[in-house]
Amino acid sequence: MPMRLEGPLADRSRWQASACSIGKAMDVVGTRSAMLLIREAFYGTTRFDDFAARVGITDAIASARLKELVAAGIFAKRPYREPGQRTRYEYVLTPMGQDLLPAVLALMRWGDRYLQTDGEGPLAVVEDSTGEPVEVRARSASGADLDADGIRLRVNRRSAAVQRR
């Protein structure tokens, strides 16, 4: 069942989402290599060579993606220096990047459920203190689990996100 569209959104032939947040997000993190670099940062990777090796991409692609992710504000470059070596940089998630955790976990769980042969992925995501499985859900502010048919979209009063045709 689809989401319900309210007010001027109800007639889908009369508008288009010209400032779509999903489109904007995909412009920033929509490549396979970008998402895998973000995944690796959640796993604790910070150094350029480790990112490239763990994601399985060339140095040129790693460099380009990390530069884009830094420019977008998802990663910050932080200098470090090993004794007797030149200054180098490590890449750490900013608060903006850390806010991608639910999206990364949702993609992982979706892949586990639908793309793995047994419906279970190679990794289990569990709460550190209890070992209980971690779930990502659409939830209301009061805590109710929601499916698409329990969600309504309306125009945000502060936004010009809907362009009338």
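Does Glu-90 count as buried or exposed, and at what relative accessibility? At 13% relative accessibility, Glu-90 counts as buried, where buried means under 20% relative accessible area, exposed means over 50% and partly exposed lies in between (1.4 Å probe, protein chains only). The structure is a predicted model, in which local features need pLDDT of at least 70 and side-chain atom pairs count only at pLDDT 80 or more, while totals for chains, interfaces and linings use all residues. Residues are numbered from 1 along each chain as its sequence is written, and side-chain values use heavy atoms, with hydrogens and water left out.

The protein chain contains 6 helices and 6 strands, these being DSSP runs numbered from the N terminus (helices H or I, at least four residues; strands E, at least two). Read from the N terminus, the elements follow the order β-β-α-α-α-α-β-β-α-α-β-β. The C-alpha trace spans about 65 × 40 × 30 Å along its principal axes. The radius of gyration of the protein chain is 20 Å, whereas a compact globule of 165 residues would have a value near 15 Å; the radius is taken over C-alpha atoms, and the globule rule is 2.2 Å times the number of residues to the power 0.38. Of the 165 residues, 21% are buried. Among contacts with a separation of 6 or more, 50% are made by residues 24 or more positions apart, contact meaning heavy atoms within 4.5 Å.

Side chains of opposite charge can pair when their charged atoms come close. A search of the whole structure finds 10 salt bridges, each defined as a side-chain nitrogen of Lys or Arg within 4 Å of a carboxyl oxygen of Asp or Glu. In one of these, the side chains of Glu-90 and Arg-78 meet with an N to O distance of 2.8 Å. This pair links distant parts of the chain, with Glu-90 in strand β4 and Arg-78 in strand β3, 12 residues apart. In contrast to the buried Glu-90, Arg-78 is partly exposed, its relative accessible area being 42%. Salt bridges that share partners also join Glu-135, Arg-137, Arg-139 and Asp-145 into one network.

A further salt bridge is formed between Glu-6 and Arg-152, at 2.9 Å from N to O. Here too distant parts of the chain are linked, since Glu-6 lies in the loop between β1 (4–5) and β2 (15–17) and Arg-152 in strand β5 (residues 152–153), 146 residues apart. Glu-6 is partly exposed, with a relative accessible area of 27%, and Arg-152 is likewise counted as partly exposed, at 48% relative accessibility.

Arg-47 and Glu-82 also form a salt bridge, in which the closest N and O atoms are 3.0 Å apart. Arg-47 belongs to the loop between α2 (32–43) and α3 (48–55), and Glu-82 to the loop between β3 (75–81) and β4 (87–93), so that the pair links distant parts of the chain, 35 residues apart. Arg-47 is partly exposed, with a relative accessible area of 30%, and Glu-82 counts as partly exposed at 34% relative accessibility.

When its neighbours within four places in sequence are left aside, Asp-112 is in contact with Gly-119, Glu-120, Gly-121, Pro-122 and Leu-123.
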